[in-house]
Amino acid sequence: MKRRTFIKKSSTIGIALSITPSFAFANEIEYSVLELMGKEDIALYGEGIQLRKEAHDAFLAMKRAAYSDGIDLKIVSSYRNFERQELIWERKYLKYTEDDGLEPLAAIDKIIEYSTIPGTSRHHWGTDIDIIDGYRKTSGDVLVPEKFEPGGPFEDFKKWMDGNSRKFDFHLVYTDDPKRRGFKYEPWHYSYAPISIPMLTAYRKLNIVQLLRNEEFYGSEHFTTGFIKNYVRNNILDINTALL
Ligand SMILES: [Zn+2]
């Protein structure tokens with residue numbers, strides 16, 4: 001490399017580093033549209049964990065720390081690809097429209113209380129997990145907010161995560177902040193910030209309206225531009241501010 005070029009390049013890097021705060025390196029990684037929408041096979045690590053390498057390592061460190069305090073961090077759900085999310089979406093759509101007789105738009109509103117539109121799930125990224133305490137035996141659905149409240153089986157789990165998850169860069173996504181819109185409170189859903197923040201930044205640059213209007217799953221023909229813009233503002237972006 002010629003010296004002049006070298007000096008030029010290193011000074012550019014110097015400036016970039018000095019004005020870019022945290023996650024400077026993660027930000028330099030580019031994420032493809034397919035990857036951001038759960039349509040690409042990405043490398044996932046750990047049996048029963050299935051996260052990107054860095055998130056997997058951080059999860060294991062957190063799991064070890066929790067073990068010594070008597071909590072067994074157990075993953076209920078982690079990476080989910082587009083097709084899997086499409087299956088969940090269509091199953092709910094058919095149930096609400098055909099079994100319950102709801103109008104399409106009412107069915108969609110009901111689905112998006114807890115479930116994402118295929119292609120928009122943070123579970124597509126390999127950075128997000130739904131977790132509980134595996135030591136606690138409980139019957140029925142486990143991902144129920146009341147089970148994480150005082151007196152519920154996951155009360156100690158919730159206390160431990162409130163006090164410790166941040167040390168491992170895991171943050172709750174859908175908090176119980178009453179001013180927050182979009183998805184309801186999910187005390188089980190955590191995100192590994194060092195990767196999910198740059199992925200969300202990349203995701204926001206996509207033309208989500210266009211991408212979703214190109215899809216053809218049940219109900220997608222009812223998506224208007226206004227609906228999608230609201231969904232992006234409320235369901236994708238109105239999350240814990242530590243993840244923005
Ligand atoms: Zn989740």
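Colleague: Let me start with strand β4 (residues 189–192): which of its residues point one way, which the other, and are they buried or exposed?

Modeller: Helices (H or I, at least four residues) and strands (E, at least two) are DSSP runs, numbered from the N terminus. A residue is buried if 20 or more other C-beta atoms, placed from the backbone, lie within 10 Å of its own; with 12 or fewer it is exposed, and in between it is partly exposed. In β4, His189 and Ser191 point one way, Tyr190 and Tyr192 point the other way, and all are buried. Keep in mind that this is a predicted model, where local features need pLDDT of at least 70 and side-chain atom pairs count only at pLDDT 80 or more, while totals for chains, interfaces and linings use all residues. Residue numbers start from 1 along each chain as its sequence is written.

Colleague: How do I read the pairing of β4, and which residues stand opposite its tyrosines?

Modeller: Strands of a sheet pair through backbone hydrogen bonds, either parallel or antiparallel. Two strands pair here if DSSP finds at least two bridges between them. β4 is joined antiparallel to strand β2 (residues 128–133) by 3 bridges, and Tyr190 is the bridge partner of Ile129. Another 3 bridges join β4 to strand β3 (residues 170–172), also antiparallel, and there Tyr192 stands opposite Phe170.

Colleague: In what order do the strands lie in the open sheet?

Modeller: The order is β1-β2-β4-β3, with antiparallel pairing. β1 (73–77) and β3 are the edge strands, each pairing on one side only. On average, neighbouring strands are turned by 45 degrees against each other, direction ignored. β1 and β2 share 4 bridges, and Lys74 has Ile132 as its bridge partner in β2.

Colleague: Which helix packs on this sheet, and at what angle to β1?

Modeller: For angles, axes are lines fitted to C-alpha atoms, for helices over the stretch in contact, and values run from 0 to 180 degrees between N-to-C directions. Contact means that two C-beta atoms, placed from the backbone, lie within 7 Å. Helix α4 (residues 53–68) touches β1, β2, β3 and β4, and its direction makes about 135 degrees with that of β1.

Colleague: Which residues of the largest nonpolar core touch the most other members?

Modeller: A nonpolar core is a set of buried Ala, Val, Leu, Ile, Met, Phe, Trp, Tyr and Cys residues joined through C-beta atoms within 7 Å. Ala58 and Met62 touch the most other members of this core of 35 residues. At least two residues each come from α4, β2, α7 (155–164), β3, β4 and α8, and α8 gives the most, with 6. Met62 is in contact with Leu73, Ser165, Phe168 and Phe170, leaving aside its neighbours within four places in sequence.

Colleague: What span should helix α8 (residues 193–204) have?

Modeller: The expected span is 1.5 Å times one less than the number of residues. With 12 residues, α8 should span 16 Å, and its end C-alpha atoms are 16 Å apart, which agrees. Its buried residues include Ile195, Ile197, Leu200 and Tyr203.

Colleague: And why does Glu216 count as exposed?

Modeller: Glu216 counts as exposed because 8 other C-beta atoms lie within 10 Å. Glu216 lies in the loop between α9 (208–213) and α10 (225–236).

Colleague: How many helices and strands does the protein have?

Modeller: There are 10 helices and 4 strands, and 30% of the 244 residues count as buried.
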